Structures are given as structure tokens and as C-alpha cells.
Amino acid sequence: MTSARDQILGSIRKSLGRDALGGEAAAALRQRLASPARNLIPDRTAGLDDSGLVRQLVTKLGEAACTVDEVASLDEVPGRIAAWLQRENLPARLVQAPVLQGGLDWSKTPTLEVKTGTADGSEDTSVTPVFAAVSETGTLMLQSDVATPTGLNFLPENHIAVVRRSQVVGPLEDAWARLRSARAGAEGGGHTMPRTVNLITGPSRTGDIEQKIQMGAHGPRRLHVIVVDG
Amino acid sequence: MQSTSHSFKQNAHHALNDATLQRALGNIKTGFQEKRRQVIEALPEFESLRDAGRDIKNHTLANLDFYLERFEENVVANGGVVHWCRTPAEARETILAICRRRNAKTVTKGKSMVAEEIGLNQYLEANAIEPVETDLGEYIIQLRNEPPSHIIAPAIHVTREQIADDFRRHHADLDPNRRLEEPRDFTDEARAKLRDRYFQADVGITGANFLIAETGSTVIVTNEGNGDMTQLLGKAHVVVASLEKVVPTLDDAATILRLLARSATGQEMSVYTTFSTGPRRAEDLDGPEEFHVVLLDNGRSAMLGTEFQDMLRCIRCAACMNHCPVYAAVGGHAYGWVYPGPMGAVLTPSLIGIEEAGHLPNASTFCGRCESVCPMRIPLPKMMRHYRTREFERGLAPPKAKAGLKLWAFLATRPTLYRALTGMAARVLGAFGRRAGRFRSLPLAGGWTGVRDMPAPEGRTFHALWAERRAAR
């Protein structure tokens, strides 16, 4: 008895009027997968320099209903976060991604209660890094890892993402290129991709009640992005 | 899902007389059409991207077996499993077996049209497993025990007054006098109610917008984040997807993503586009312990190589139904099965047979808007015409239509007789209708005049006028 798998593949081949691909045809397709070519990419970010990309990112983040803060260095981030929480009337506590531990110095914001790890649903606010920021559409790319757990991106009501200027790219394809080269190194551990790659464009929303857009359907109501120069 | 597509005429009649439904359907124009137009105007390359998207899918379909095998290899290399299923029954049984092995009591579900296609919820319930829909629209219609009426806005046929009644009935533990008026009230209540369900769930089931052969990833595109919570918090992640969802590379997905959200909701990108590859890694702090892809054929492999192959390019954006005058008039339930609108009028007879769904390809004015907005350039009207031809050839058309066509064919192949008869009809109707300019009723045309007036001809046929002008030149 042939398996469902063989029957489905057989049915596909019968409909296409050929046998399984072999030889040169298969080699050409393997090559297409091994070194992925780019298709048409919109001109929108072509020719932009670093600061042009950052400007485009900030504009697009705003269109996607994010709030944006720009700071000169990482040292300023904790203070700006404390101020933002206060301005938004949010509790002075947060959970940060393990990878940020040591990188962000919270000693100057002693009123903030800072926890490190993933989220369990009880936290109001998370702080995470990003892997890349796509200025074409204001999209943040985040990857799962022991030091960047995915729960932080979805469970708290408020998500603060810290973007380094060097992480800002033009089109999505540039972010894929960076991810592929990062995975090709030791970091990949033999996996072509992290378990989860999230492309996030703005805070969670729904239009399911009479097509009126509401923020905070299941994921964060607010997405605040801090762009760090350098 | 049990089909009522054979009753399309009665379904449509019922829908047209449903005042609440008509009010709900009024939201489509501003909600979808206008936003799509604006976002596309802001991207000069949109038309060229449509060509690129079409070409990627055509290439993939021509090599579908190859790319599915590579996809499977890469899922397995990352610790996941692919379950090949020929039929809805095989897919349901596969999913049940996974749930049983995990001793699952409840499963959370992200939005999936393929799960509707295989009737998953009813099947799980019949086997004592509770499915919990987590997309807000899907949650609402689950409470109402209804199927979705739109592929990306499943509760588009429901008004907020109806939802308020449903929430009060099902959320009986909450204050009965609470306010349920503004969209915010409903969103907050559903958010709170569903939060616990994510954590309780043993298995999380999502659909897939894409399968990536290069990496063995499955991709979901959502705005709410419900599909992400579903797969993050379930102990096992089951992806149910039909086999034409595969694309070769991440770059190919990037191209089609530029078309998808713009065509669907008028966004440049949906809020969450998530690539899932295998189960959680040993060192990860969260994520599912198992990763299963249930890959469904259900007749699609047989569509390859036929005049309906192009339908397999569909990315389920819903632009066709958002711009369809027939869909806007009758809503999605009238179509009687899972997929409504123009894409449903082609896909439904392909998947469940023309005997059951032969009415659907007739539910079109052939205005062509569906094809003009389809991001994958699927020739939907042409394929509906193919189905009409098939229906006629197989003798499935109603006797009256067959008799009418036979009579017309008889006349049309006898030009002298045809001209004489139509000339006479135009003169007689023109004379009788001159005063009013239209007819409220006409013998043999009750189907037309029952819902609208027939304009009176001006006394001459097109043929006659044409011949006169040619002679005058």
C-alpha cells in the first residue's frame, strides 16, 4: 500500500504530466533555494543613507501607530523608559529580555522595578531588543532565543523595543540577508532559522467589530520604539 | 463543513431580505475598498509586484512536488513532522491523534480556513475536545454557532447589537448591566476572556499563509496576535495548511507579503507576520514542545494541469469578495460552504464538485472587478465561464435555462429569422413602452422584472442601427 505522501506526490506529478524531477532540472531548483535571488524591490528605500533610513523608519513606525523616541546612546534608555511609563500613567515595573541584562544600566532609575526573563502574563510592560528594523514599512524583526524569548513580544500590554541605528535596513530582503548570515555562523546551532521570527508592524489591533479598528486585541496595546544612535 | 451551496438561490433570496445583514454588509466599502485604494496609490511598483507574485506562484506550482519535498526535509531537520493528508477525514484524524497523545482537553485555534474546510471544530467536539477560537471574529461566530462569512473578516455579517446579546448570554459570570456598546467594550471583554484559555490549552492550532521550502518554516499573518499566543502557549503547535501554500524562499515570501496586506486590509504590512520553524529549542524559555504540519491535498493536486490551476495561486486576501457586487448584496453565508465570493465561486466547485456547487459560478455579473483587484492576477471570470460550460455540457443546468439556450441557439444560427424576430420585438416593445420608458412586468421575463424594471427599447435593434451607419459612411 502506498502512503498518503506518495499518493499526493504521485497525483501532483500525474497532473503535471511528468515524473519526479532529476538531473539538471532538480539541480537548478536546488540552486534557487541555496542562493535565493531577490525579486522586484520597491524603490522606496533605494539610495537612502543611514540617517535617511532612520528617518524613513520613524515615519513608517508612526504610520503603524507606534510611538517613537530617539536617543543618543544606550545610557539614556532607562531614563527615557521611566519617563515614558510615567507619561502614559503606567506602573513603574517591567520585564526585560535577558540579553539586555548588563547592557541597560537601571541604577539611575531606582523607582523602576526591573525583572529579567520571559513574560508569564502578569507583567504590564516588556523591554526587548530587535534583530533588525525594516524601514520600508516600519517593521521590527525579532527572533526567539534563550536571551530573547518570544513571550515578551505578545503577553504584556505594553512593549518597548530598543532599535540600534546599525540594525536599521531598507527592504525586508536586507533583514533576511542579515539573518541568513547570522545563522550561518556558530549561533545557528545547525538550524536554518530560530524557532520564531516575528515581523511586527505596530501594536496589536482588530477590526472585527463592525470594521472599527481597536488597538490591543490580544497582543500589546502600545508599541513604543526607542531608536538609539550608534 | 456541510455544504448548502446547492441552495444558493434560496440562500441569496433570504440574505437580500435580511435587514440586519444588509446593514452589516454596508461596512465593506469604506472598510476595505477605500483603504486598499489608498495604500496601493502609495506604492508605484504595485502592478509590477503583481506580475512578480504571479510568476513566483506559477513557478512553484510547476515544481510543486519538488518544493513540498524540500519543505518537508527542512521541517524534519528542525525537529518537526509533516503529515501528508489526502482528505479532510485524514487531516481530522491526524490532528485528533496528536491531541489524544497529549491528553488534550482544550485546544486554542488561530484563524484557519483549511480548518473550516475539514470541519475540525465539530469533529474535535464530537471527540470530547474543546476547540477555542481566538481570533475575535472567529470567537464571535463560534459563540453564535455559525460558519465564517468572509475569509479575513469572519464576523462581518454581525452587528454590534447582536454581539452584545451573544456576549451577555455566554459570559454569564460578568455583571449583566455592564456596558457593551463601543467596539472597545467588546475587544476588552474578549481579550480578558481568552487570556486564560491560551494558558490552559494543551495544543495550539494555526493555519498558514505560506510554507517556506528553503527553511521549513510556516508563516501566519495576523493583526491581533492571537495566532502567536496560540502557538507560543500551547504545548504542541499544529499547523494545518493546504499544499499550494508553499513558496520557495524567504525572498519570495517577502514579495508576496507586499501584495497580501495591501490587497486584504489596505495595510502595508499586517501587524504580525510570524515564521515558525520546528519546536522550541532546548535552551529556549518559551515555545511549543512539538511542531506538526498537517498538509492537506483535498483535490488540489488534481487541479494542476487543468484550466483551474491558476486558482491555486490564491493567497486568500479577500480583495475579490471585497469588490464583488454579488458578495456585497448577499454576504458570504449564501455561498453555502467555506469559501465565498468570486474565489469561492471557483474553488468550491473544484473541491466539492460542480453537482453541489454549480450555482456559484453563475453568481456573477462578469463585471470583472475581482480579476482587476486580484493581486495574483487570477482570471476568476474566465474560470467561472469554464464551470458554466461544464455545467451545461454535463446537463446540470436547469431545464428552463437549457430550453432557453436551445431556442436562442436555433435563432442565432439563422440570421434572417433572428433579425426579423428581434426587429419585430423591438418595434412592439418600443411602441408599448414609449410613454413610461420602462416595463414593470413582461411575459417570460419575470425573473428580471420581479426585482427591477426593464427599460423600453427605442424601436430599432442594434443590428439595424449598425447596418444603417455602415451604409451611410
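Trainee: In what order do the eight strands of the open sheet come?
Mentor: This is a predicted model, to begin with. The order is E8(A)-E5(A)-E6(A)-E9(A)-E9(B)-E6(B)-E5(B)-E8(B), with mixed pairing.

Trainee: Which strands stand at the edges?
Mentor: Strand E8 (168-169) of chain A and strand E8 (246-247) of chain B. Each has a single partner strand, so one side of each has no neighbour in the sheet.

Trainee: And how do E9(A) and E9(B) run, parallel or antiparallel?
Mentor: Antiparallel, joined by five bridges. Leu199(A), for instance, sits opposite Thr273(B) in E9(B).

Trainee: What about E5 and E6 of chain A, how many bridges there?
Mentor: Three, between residues 132-134 and residues 139-143, and that pair is antiparallel. Ala132(A) faces Met141(A) in E6(A).

Trainee: Which helix lies across E6 and E9 of chain B?
Mentor: Helix H12 (residues 226-233) of chain B, running at about 30 degrees to E9(B).

Trainee: Switching to the interface: how many residues of each chain are in contact?
Mentor: 63 residues of chain A contact 79 residues of chain B. H1(A) gives the largest share of chain A's side, ten residues. That side divides into 25 nonpolar, 27 polar and eleven charged residues.

Trainee: Last one, chain A by itself: what share of it is buried?
Mentor: 43% of its 230 residues. Chain A has six helices and twelve strands, and its C-alpha trace spans about 70 × 45 × 45 Å along the principal axes.

Conventions
Residues are numbered from 1 along each chain as its sequence is written. Chains are lettered from A and ligands numbered from 1 in the order in which they are written. This is a predicted model: local features need pLDDT of at least 70, side-chain atom pairs count only at pLDDT 80 or more; totals for chains, interfaces and linings use all residues. Helices (H or I, at least four residues) and strands (E, at least two) are DSSP runs, numbered from the N terminus. A residue is buried if 20 or more other C-beta atoms lie within 10 Å of its own, exposed if 12 or fewer, and partly exposed in between; C-beta atoms are placed from the backbone. Two strands pair if DSSP finds at least two bridges between them. Two residues are in contact if their C-beta atoms, placed from the backbone, lie within 7 Å. Axes are lines fitted to C-alpha atoms, for helices over the stretch in contact, and angles run from 0 to 180 degrees between N-to-C directions. Ala, Val, Leu, Ile, Met, Phe, Trp, Tyr, Cys and Pro count as nonpolar, Asp, Glu, Lys and Arg as charged, and the others, Gly among them, as polar.
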